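Student: I would like to learn how to read side-chain features in a protein model. Could we go through them one at a time?

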Amino acid sequence: MLPSPAMAKVPDVPSPSTSCAGGSGTSADRQIAGQLRSSMTGQRIGSSLTAARIACARGIVRAVQQRGLGQRAAVLALTTAITESSLNNHLFAVDHDSLGLFQQRPSMGWGSPDELVDVTYATNAFLNAMIRKYPGGSWQSGEIGPICQRVQTSAHPAAYAREAPDAQLIVSALWADASAVTESGTTTAGRPPVVPATSPVPTGPFQKALAAAATSLGPLDGHHALAMADWNGDKHPDLLSVSGAGVATGKTEVRIINGATNFGSLLLTTATVLGPTDERSAYAVADWNADGRPDLVVVQKSGTASGKTEVRIVDGASNFQQLLVDTATVLGPTDDRYQFSLADGNADGRLDLVAAQTTGTASKKVEVQVVDGASSFQKLVGPAVISAEPARDGLEVSATDWNADKRPDLVTVQKSGTASGKTEVRVLDGASGLTRSLAKVSTAQPATDDRHEVLLTDWNADGHPDLAVVQKTGTASGWAEVTILGG
């Protein structure tokens, strides 16, 4: 069904096809194509996204919705159609007797030639095969590429995974209203079409979505934490999920989702060397031993044998099977008022433990204590710093070098209760002793809650921290979903 590499390069004159909308697409299709084109990275379409292709994608998404299936079904179908036909609805065979968007073959029992060039029929034929081969909703988990391959049985099984990120982008743009769109720019239901990132885009950081995707992680509940780091050295931040106690193993577990596939595939799932951890523990991810691999940092705040806050660092290069550090720190017991991150607080080239107390301080401000990593966390780096940020519940706090001055700055995120009604971010300058603001931003993200985790990452490698908002439960897709807001 998938053309061979040689066939894919041959035609100087394209095979007759239909745009799925009886023309070159509508003004709304052209708008969506224009907005997504620069973000498309696949080999089949990439920057060649057109309104006609969006019209075909809209037909696929609409057929999925009519079946009552979720976004993941649409991503699977669209990944397949992009890979098989580059979203060209071929009326005449270009590879054996393959036809239509999915390059389905009449001789293999997919349907008649007339049926296979009908977008709704062809999509349902794909969905029927998917549900038959993945009964009980099992298609809702696992990597996108292998599922498409099992349904299609292509001679080129590796081709699908490369197109999954583009499929996710298109589905995200079309899902809210996949109704037919008229040339006037309204849907058949009389509503304006939903398109991503309308122009003009507000200025300033965290106003424009760089990516939005349903991940291959199911709903995230129980004691766990999330982080962003480049696990496999491909210069794309990946999503790490740490679970305090795996159902099967009973140990602290790590799952890593591939950022290069828009979080559509799994890089690693493993039980670590650590036994179960619970609400007394906080997690961070950092390259402790400077080997280029992210390591897992577990801070047990209370209930330790030493009576102090303890730190364990698990080696990422060993797939989290070896301990690098296991020590009591100079800090006494801590609790939920404290949040922990790692940064080089004294410019000695070693990561230090940054403990931020967000409530219950004598100063009524967020106070920050840095514990020296070079001393194996046995010495404090100076007295506690009283920041300009008022102490209060609901803050998420982390340390990072925001302005590249080699001094860690304090980033606070207020998820709800803001005057703007949006998730707000404030950055305090480490060089000023956390008294001066470097940024104070009402982001494009509406108010968030405990279902959301907000992370910092440099998604597009431009040297500016971006904001990753992960909704862990209660999503429309039923999967954890990620939105990246550009810094």
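Student: Where does the charged end of Arg150 sit?

Tutor: A charge sits over a ring if NZ of Lys or CZ of Arg is within 6 Å of the ring centre and within 35 degrees of the ring normal. Here the charged end of Arg150 sits over the ring of Tyr134, at 4.8 Å from the ring's centre. Arg350 lies over the face of Trp288, with 5.3 Å to the ring centre. Before going further, note that this is a predicted model, in which local features need pLDDT of at least 70 and side-chain atom pairs count only at pLDDT 80 or more, while totals for chains, interfaces and linings use all residues. Residues are numbered from 1 along each chain as its sequence is written, and side-chain values use heavy atoms, with hydrogens and water left out.

Student: How many aromatic pairs are found in the whole structure?

Tutor: A pair of aromatic rings is described by the distance of the centres and the angle of the planes. Rings of Phe, Tyr and Trp (its six-membered ring) pair if their centres lie within 6.5 Å; planes under 30 degrees apart count as stacked, over 60 as edge-to-face and the rest as tilted. The search of the whole structure gives five aromatic pairs. One of them is the stacked pair of Trp231 and Phe320, at 5.3 Å centre to centre with 20° between the planes.

Student: Which parts does the pair of Trp231 and Phe320 tie together?

Tutor: Strands (E, at least two residues) and helices (H or I, at least four) are DSSP runs, numbered from the N terminus. Trp231 lies in the loop between strand S4 (224-229) and strand S5 (238-243), and Phe320 in the loop between strand S10 (310-314) and strand S11 (323-328), so the pair ties together parts 89 residues apart in sequence. Both Trp231 and Phe320 are buried, where buried means under 20% relative accessible area, exposed over 50%, and partly exposed in between (1.4 Å probe, protein chains only).

Student: What are the distance and angle for the rings of Phe263 and Trp459?

Tutor: Their centres are 5.4 Å apart and their planes at 35°, so this pair is tilted. It links distant parts of the chain, 196 residues apart: Phe263 is in the loop between strand S6 (253-257) and strand S7 (266-271), and Trp459 in the loop between strand S20 (452-457) and strand S21 (466-471). Phe263 is buried at 2% relative accessibility, and Trp459 is buried at 13%.

Student: How many salt bridges are there?

Tutor: A salt bridge is a side-chain nitrogen of Lys or Arg within 4 Å of a carboxyl oxygen of Asp or Glu. By this rule the count is 13. Among them, Glu389 and Arg392 have their closest N and O atoms 2.7 Å apart; Glu389 is buried at 3% relative accessibility, whereas Arg392 is partly exposed at 24%. Arg436 and Asp429 meet at 2.8 Å, N to O. Arg436 is partly exposed at 45%, but Asp429 is buried at 3%. A network of salt bridges links Glu310, Arg312 and Asp326.

Student: Is Asp29 buried or exposed?

Tutor: Asp29 is buried, with 2% relative accessibility, and belongs to helix H2 (residues 27-36). A polar contact is a pair of N or O atoms within 3.5 Å; within protein, one must be able to donate a hydrogen and the other to accept it, and residues adjacent in sequence count only if both atoms are side-chain atoms. The side chains of Asp29 and Arg58 make such a contact at 2.9 Å.
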